[in-house]
Number of protein chains: 2
Amino acid sequence: MTTAEEIQRHAEGALSNPSAVGLVAVIIAATDGEPRALTVQVGSQAKGRSDGLPAGPLVPEHPTLERGLRAWVERQTHQRLGYVEQLYTFGDRDRQGDDAGGLHSLSVAYLALVREVRTGGLAEASWRNWYRYLPWEDWREGRPESLGEIETKLLAWAEQATDPKLRRRREDRLGLTFGLCGGAWNEERVLERYELLFEAGLIPEAQGQCGEASESDLAITGQPMALDHRRVLATAIGRLRGKIKYRPVVFELMPPTFTLFQLQRTVEALSGTNLHKQNFRRLVAQQGLVEETDDVTSGATGRPARLVRFRREVLLERPAPGFRLRPARRPA
Amino acid sequence: MTTAEEIQRHAEGALSNPSAVGLVAVIIAATDGEPRALTVQVGSQAKGRSDGLPAGPLVPEHPTLERGLRAWVERQTHQRLGYVEQLYTFGDRDRQGDDAGGLHSLSVAYLALVREVRTGGLAEASWRNWYRYLPWEDWREGRPESLGEIETKLLAWAEQATDPKLRRRREDRLGLTFGLCGGAWNEERVLERYELLFEAGLIPEAQGQCGEASESDLAITGQPMALDHRRVLATAIGRLRGKIKYRPVVFELMPPTFTLFQLQRTVEALSGTNLHKQNFRRLVAQQGLVEETDDVTSGATGRPARLVRFRREVLLERPAPGFRLRPARRPA
DNA sequence: CGGCACAATGCTCAGATTGAGCATAAGTGA
DNA sequence: TCACTTATGCTCAATCTGAGCATTGTGCCG
């Protein structure tokens with residue numbers, strides 16, 4: 001068969017080899033300076049329940065992938081979505097769980113940012129601090145305690161490799177992702193860190209355990225999620241952490257008016273690091289990302305803060321910048 | 001049905017509503033300072049042939065999406081792939097061409113970067129300068145001629161809108177993407193520009209015409225491609241232009257040793273802009289992206305240039321930087 | 001009412017990074 | 001040898017960054 005014919009048969013070929021396609025949503029909000037993801041309860045009484053992300057199959061009624069996703073999310077969580085972007089398509093046969101008899105099982109994942117947290121709606125949908133699932137990613141209070149134990153186990157895992165080349169490779173990855181062996185922590189490598197932990201056997205999902213974790217596990221390797229949803233969440237966080245640096249997406253998470261410090265707290269919540277306050281506001285001011293309102297906060301202690309709003313016009317302006325994050329070196 | 005049950009039926013639901021899934025590859029190389037994409041001939045004598053991207057259906061034999069892609073590409077083009085990353089999943093029902101009777105038609109697109117251009121292999125696979133398909137994206141010789149006519153037509157399209165709000169919206173988009181109405185050109189917005197042209201009716205594929213373009217059309221709106229492959233190509237270019245700024249991916253396109261100027265030419269080819277020579281080499285040197293070899297070029301005119309090689313170690317180092325592109329203001 | 005604690009906001013300053021250009025070096029071909 | 005071409009070295013002003021000190025409004029507490 002020639003190449004041309006082959007490609008011509010593309011559609012027919014695909015028709016005779018169809019696949020199951022699912023849609024998954026990572027829906028993010030930030031309230032009270034905490035980053036949250038919308039979760040639902042997955043599983044049955046018998047098999048055990050676990051946290052999962054809103055998801056559903058793609059059905060022919062959906063005109064587009066994104067519309068299908070919105071439909072599922074609204075049905076399962078009563079949450080309407082604003083900003084939505086495609087995240088990644090997970091399609092490996094080796095995903096644990098559902099190997100559907102020769103069929104591929106694809107999941108097209110989306111990232112959504114929403115403003116308000118309406119806990120109303122189904123009781124089964126609830127907002128959870130995302131660091132519950134990935135506790136080692138939160139450096140706002142300094143280096144997370146749990147990283148000590150994680151590192152010990154990871155180093156042991158690297159040692160396990162008998163082939164020196166493989167061992168070297170593992171150590172390199174540890175340095176690259178967890179900052180071990182002289183590397184630095186890069187807050188964007190969320191997925192790579194998760195996958196390393198997964199390979200090292202520190203993630204219960206690898207053995208098909210997605211339910212409630214023990215107290216100690218929860219503090220160290222975090223709460224498991226259904227299927228590979230924790231991987232999807234990690235992908236979303238990494239993407240978002242990268243994106244806030246060059247696109248003004250944080251504002252999708254903010255209320256109509258807010259203070260610069262609330263904005264900073266939100267950025268810090270997402271990136272998992274602390275920022276230098278004065279420099280942060282200088283940056284925001286210079287970039288012209290916000291405009292002042294006539295209002296100020298009141299009631300709280302300390303000098304009232306000016307309320308500002310996002311300048312929608314910047315979406316039409318030149319480089320449409322985000323935040324370059326310079327962590328404030330925290331005094332030990 | 002409760003949410004939990006709904007999610008539980010996810011897999012079964014998907015099974016009864018399967019979709020056709022295809023794989024598409026944008027394979028990029030850069031030789032002689034030109035960016036090229038690997039294309040194949042699609043279509044039949046009867047229906048007319050056109051350029052397309054290597055593609056094929058996902059079949060159960062493929063263990064993962066990426067492996068399936070590699071298999072198709074090697075079969076169709078005899079090209080082995082090195083660096084591969086997932087690009088985007090195109091799934092809109094409104095893709096022209098194949099509305100497969102109630103089935104969705106998904107395409108999972110990948111971006112691949114390869115080093116050598118072996119034209120050997122199938123005659124039907126050939127390397128094409130990517131600006132053949134998107135001529136307005138090449139600003140290396142200054143502002144492309146064809147942009148004059150394109151702008152005229154785009155402005156006319158914006159004018160067409162009777163609803164003032166819609167008109168305003170269209171003008172905003174023109175400013176944002178094509179730098180009209182006071183905006184600036186952002187070389188990363190390749191896809192947005194293509195989609196704008198598509199909506200404005202300047203892209204023949206919108207009417208299902210993918211064959212050979214007339215001489216004049218070719219110079220202005222570029223050579224069409226099969227199906228929505230030009231959209232996929234635009235997505236790939238935009239992604240790559242963004243990525244070279246913060247990851248050292250250009251080196252995937254370079255031979256084992258090369259001169260700094262060759263490297264610059266490659267970056268310029270990808271980004272479609274010119275760079276300031278001295279500053280470019282300062283940047284590369286500072287970032288420690290390359291190390292010198294003992295060899296120099298010979299034979300060409302001018303002072304011989306030192307040959308350098310990529311420092312693989314940087315992949316393990318801290319921010320693993322790319323190039324921040326500062327276009328050289330070209331003298332009028 | 002005066003002073004205090006607290007958060008917001010203003011301002012400074014040295015060091016690093018950029019954008020742009022001039023100057024020099026080292027080959028080729030005539 | 002000269003003319004020409006490209007590579008490479010170096011300078012300099014403008015700007016950007018990281019870090020910290022200083023000042024300004026508020027609520028609260030004697």
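Predicted model: local features only at pLDDT ≥ 70, side-chain atom pairs only at ≥ 80, totals over all residues.
Student: What percentage of the residues in chain A is buried?
Tutor: Buried here means under 20% relative accessible area. Chain A has 332 residues, and the buried part of them amounts to 54%.

Student: How many helices and strands are there in chain A, and what percentage of its contacts join residues at least 24 apart?
Tutor: Chain A holds 10 helices and nine strands. For the contacts, the pairs considered are residues at least 6 apart in sequence. Of those contacts, the part joining residues at least 24 apart is 64%.

Student: Where is R36(A), and how far is R36(A) from Y131(A) in space?
Tutor: R36(A) sits in strand β2 of chain A, which covers residues 34–44. Leaving aside residues up to four places away in sequence, R36(A) touches residues including I27(A), T31(A), W127(A) and W130(A). Along the sequence, R36(A) and Y131(A) are 95 residues apart. In space, their C-alpha to C-alpha distance is 8.3 Å.

Student: Now to chain B: are α4(B) and α5(B) roughly parallel or roughly antiparallel?
Tutor: Helix α4 (residues 147–160) and helix α5 (residues 164–178) of chain B have axes 8 Å apart and pack at an angle of about 160°. Angles over 145 degrees count as roughly antiparallel, so α4(B) and α5(B) are roughly antiparallel.

Student: Which classes of residue make up the contact of α4(B) with α5(B)?
Tutor: On the α4(B) side, the residues include L147(B), I150(B), L154(B) and W157(B), and they meet α5(B) residues, among them R167(B), R170(B), L174(B) and F178(B). By class, the contact has eight nonpolar, one polar and six charged residues.

Student: Is the crossing of α4(B) and α6(B) left-handed or right-handed?
Tutor: Helix α6 of chain B spans residues 190–199, and its axis comes within 10 Å of that of α4(B), crossing at roughly 60°. That angle makes α4(B) oblique to α6(B). The crossing of α4(B) and α6(B) is left-handed.

Student: And how many nonpolar residues are in the contact of α4(B) with α6(B)?
Tutor: From α4(B) come I150(B), L154(B) and W157(B), while α6(B) supplies L196(B), L197(B) and E199(B). No polar residue takes part in the contact of α4(B) with α6(B), one residue is charged, and the nonpolar residues number five.

Terms used: Residues numbered from 1 in each chain as written. Chains lettered and ligands numbered in written order. Heavy atoms only, no water. Helix = DSSP H or I, 4+ residues; strand = E, 2+ residues; numbered from the N terminus. Buried < 20%, exposed > 50% of the residue type's maximum accessible area, 1.4 Å probe, protein only. Contact = heavy atoms within 4.5 Å. Axes fitted to C-alpha atoms, helices over the stretch in contact; angles between N-to-C directions. Parallel < 35°, antiparallel > 145°, perpendicular 65-115°, else oblique. Nonpolar A, V, L, I, M, F, W, Y, C, P; charged D, E, K, R; others polar. Left-handed = near helix turned anticlockwise from the far one by under 90°.
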